[in-house]
Amino acid sequence: MIDELEWQTRRDRINKKLMAANPAWQIIKHHEGLDTSSLHHHAVEEYPTATGPADYALFVKGKLLGIIEAKRVKVGPQNVLEQAKRYSKGAFDGPGKWHGYRVPFLYATNGEVIWHLDIRNEKNISRQISIFHTADALEEFFENERANGIEWLANNPVDIESIRPYQEEAIYAIEDAIMKGKRAMLVAMATGTGKTFLTVSQIYRLLESKAARRILFLVDRRALAAQAVREFSTFVTPQKNKFNQEYEVYSQRFRREDFDDDQPFDPKVLPNSYLTSPQETHTFVYVSTIQRMTINLFGWENAFSQDRSDPDYEEDAGKVDIPIHAFDVIIADECHRGYTSKETAIWRQVLDHFDAIKIGLTATPALHTLSLFKEVVYRYTTEEAILDGCLVDYEAVKIKSNVRMNGAFLEEGEHVGVIDTTTGVETYDQLEDEREFATNDIEVKITAPESNRKIIKEIAKYAYKHEEETGRFPKILVFAVNDLPHTSHADQIVKTCREEFGQGDDFVQKITGSPTVDRPLQKIREFRNRPKPKIVVTVDMLSTGVDIPSLEYVVFMRPVKSRILWVQMLGRGTRKCDAINKEKFTIFDCFDGTLIEYFKNTTDFEVQPPQKEPISLHQVIENIYQNIDRNYFVKVLVKRLHRIERTMSGNAREEFAKYIPDGDLGKFAKELPGKIKSDFTDTMNLLRNKDFQDLLVNYDRAKRSFLVGYEVEDDVSSEVMIRVGGDYQKPEDYLDSFTRFVRENPEHIEAIKILLKRPKDWKIEALKELREKLALNKFPEKELRKAHRLVYNKALADIISMVKHAAIEEEPIYSCEERVDRAMQKVMAGKDFTEEQTNWLGYIREHLIENLTIDLEDFDYVPVFERHGGKGRANKVFNNELESLIAEINFAIAA
């Protein structure tokens, strides 16, 4: 524990933080006769109040606007605000009165942690802030109370063109949370449900109400930033203007390829002064990537790792002095992304820097996301969106590959290709001993070309069948294991697809973050908007944040362990596409359905901690030196050293020999616990040596080996799975369940009883009940038809046939058209009909194919009957015997 007196904390920590503000707080001692009216941005030490001297009194343009209570560094400052409250009540010259308080802005700090409270509203809650507010910030807060804006939100209902009901509900939920004083909240909405439109709508209301003036819309990719800027430019306000005609919309600088070629657009770049010197007169939205804002705040060295080949590389970004009050509201889109603690820490540091209301948007909230935004205030799931018709459902195909499930075994004497992973040169060799590779080695240590080819051939069967049925070849997205130089699984799939489909290079493209991919953002747009490519292979670049509505096949040739990533990958296919009348999409699980099984209970809310990023070796060694949980960190260090020993090259061993005998790091690791006990000083001198630590991090790695198993055979097969709630079943198993259900429930479901025992009572009510009861028990007509098509090769089976066949196996399965034609032949057999009667029977047939039952009332409301005179005319045509004819037809349909 740091043993530091309060005056030292004030001198060495608090004063430095106050003087680091821009403009700096000028720190002066209070003295008798001090003219406070001349103080513009001053922190007056030991300022007298009726209840004792305040450690610091903050004066802005002659007004006492803030009080700071200081404690030494070892004291937690949160509860110390109570002292600041006492001084606020006892102030002699405060600028106002608020239920007993005279000074509005209170702070408590130990020099490292700062707590703040605006006491003007009794419902305000104290909060931690990153640094002290500037004098400009306090002046702005004091002059512009946001209460009127909050009242506007409460009194003005949402009036936005084309907004969907659930988006409206989300806006009310957000605004309700803001009204309750909450400053961090999360909105969880399924991928493809319009989070960007929701955001623009919400921002418009916040600006219109004046509850906020400066809003930051934070996204994690340039493509999303460009998409958001366009959304603002096309948004229609209640006044029938475009958003940017009423409010300023700024963005970072874009490249030409960030926008569609056929949609020229010139966004306005935010002037730096809007960040560094926020003004009360500024009312605007700023769209920025998290990468750029991180660089602006903390510099390149503390941002996400990037190189120039990365499409999100922020070439022109630099560090800027941005005060914490630069934005009133921050909305962070796709904030689930942050799978390691380092990535999550970057999001946290950026959000924590600002003293603003923070709203997170995500499709898949996880534990680390929730820790940033406290609580979910609104949730709209994929299942809800599918039921509301806003997204399409999916079916699953499991592909069984022996190699993917069991690995590869190479026998002695087999011929293999050996890839030099540095140059890509392939040599051929004959194995002198057998070798076995586990499933997680496939495409990492070895590839089996036949396995990849057979899997692609299996997918091709479905693609060609889809083309035959719909007249279009499906857009296909394939997720590969990796895109490593010289051993790229993505490249292999591209090559195999081009050979299998034989439609040229443009038909199949790779889109990854690899420098070998030219203009990846443009390629994404081509995949979305143009006929080609039809097939795209990626690793994870298209797993999130990319909108391709026409996508119909999502293929998993890579294992997935993260539920968040799984849901996001599925989200690529859920979007509707009216241009192709998209009804569903298909996922292909190339691991025999194990991914589907593993994630079958996945919901849109998954409490999943981020993967840990190891504490640095330097810190591990320092913890040992400082005796911080020494035994534990010695064990950690030993494990790390063994890990290095397993991956280092011979050259690295020679380098380590400068520090340890023979460069034998494994032996050094085994002996380390004893050395620390017996010779602590010398051992720690070695471990803390900067050059030795640098070698531990940057040692020469052994070259990665990679084989091509040309003789590895694979058995590949596939089958469509039927989705039953969150589970998947084989079509045969699904129909077995349906058969049991029908046979066990004829006495409980009247419609089944009518079909099996009283077909004369078949009416529209019975059909409606049948469909409802079947759907309620997870047997919707659509899924039953799919299962009958797969098992019996019978397309468009009618619901009556499916129920009858389940009850009595000998019953034939008809399509709706076949059942109706059969029924009409029965009704017409042995009878003569006039030409007009025959025409009417044709109209009735047309109606029955769609409805499988007919009612007397239909003749007054169904357009095909109404156009020809309705019930009155039909009854006259059939000599006043229409009712008995309908009964006969319904009986024939159900019999």
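Biologist: What ground rules apply to residue numbers and to local features?
Modeller: Residues are numbered from 1 along each chain as its sequence is written, and side-chain values use heavy atoms, with hydrogens and water left out. The model is predicted, so local features need pLDDT of at least 70 and side-chain atom pairs count only at pLDDT 80 or more, while totals for chains, interfaces and linings use all residues.

Biologist: Which strands form the open sheet, and in what order?
Modeller: Start with the terms. Helices (H or I, at least four residues) and strands (E, at least two) are DSSP runs, numbered from the N terminus. Two strands pair if DSSP finds at least two bridges between them. Here 7 strands form an open sheet, in the order E1-E2-E3-E4-E5-E6-E7, with mixed pairing. The edge strands are E1 (26–29) and E7 (127–129), each pairing on one side only. From one strand to the next, the twist averages 30°.

Biologist: In what sense do E4 and E5 pair?
Modeller: Strand E4 (residues 63–70) and strand E5 (residues 105–109) pair in the parallel sense, over 5 bridges. Isoleucine 67 has leucine 106 in E5 as its bridge partner.

Biologist: Which strands does helix H2 lie across?
Modeller: Contact means heavy atoms within 4.5 Å. Axes are lines fitted to C-alpha atoms, for helices over the stretch in contact, and angles run from 0 to 180 degrees between N-to-C directions. Helix H2 (residues 81–90) lies across E3 (54–60), E4, E5 and E6 (114–118), running at about 145° to E5. Helix H3 (residues 135–143) packs on the sheet too, touching E2 (41–47), E3, E4 and E5. The direction of H3 makes about 120° with that of E4.

Biologist: How many residues of strand E22 are buried?
Modeller: Buried means under 20% relative accessible area, exposed over 50%, partly exposed in between (1.4 Å probe, protein chains only). In E22 (residues 475–479), 5 of the 5 residues are buried, so the strand is largely enclosed by the rest of the structure. Lys475, Leu477 and Phe479 point one way; Ile476 and Val478 point the other way.

Biologist: Which strands does E22 run parallel to?
Modeller: E22 pairs in the parallel sense with E25 (residues 551–556) over 5 bridges. Phenylalanine 479 has phenylalanine 556 in E25 as its bridge partner. E22 also runs parallel to E24 (residues 535–538), joined by 4 bridges. There, isoleucine 476 stands opposite isoleucine 535.

Biologist: At what angle do H29 and H30 cross?
Modeller: The axes of H29 (residues 781–792) and H30 (residues 799–807) come within 10 Å and cross at roughly 65°. On the H29 side, the contact is made by Glu781, Leu784, Arg785, His788 and Tyr792. Ile799, Met802 and His805 contribute from H30.

Biologist: Why does asparagine 406 count as exposed?
Modeller: Asparagine 406 counts as exposed because its relative accessibility is 54%. The residue is found in helix H14 (residues 402–406). Asparagine 406 touches Phe437 and Thr439, not counting residues up to four places away in sequence. Isoleucine 442 is 36 residues away in sequence and 9.9 Å away in space, C-alpha to C-alpha.

Biologist: What does the side chain of glutamate 769 reach?
Modeller: Glutamate 769 is in helix H28 (residues 764–776). Its side chain reaches the backbone nitrogen of alanine 751 at 2.8 Å. Glutamate 769 touches Ile749, Glu750 and Ala751, not counting residues up to four places away in sequence.

Technical notes:
A polar contact is a pair of N or O atoms within 3.5 Å; within protein, one must be able to donate a hydrogen and the other to accept it, and residues adjacent in sequence count only if both atoms are side-chain atoms.
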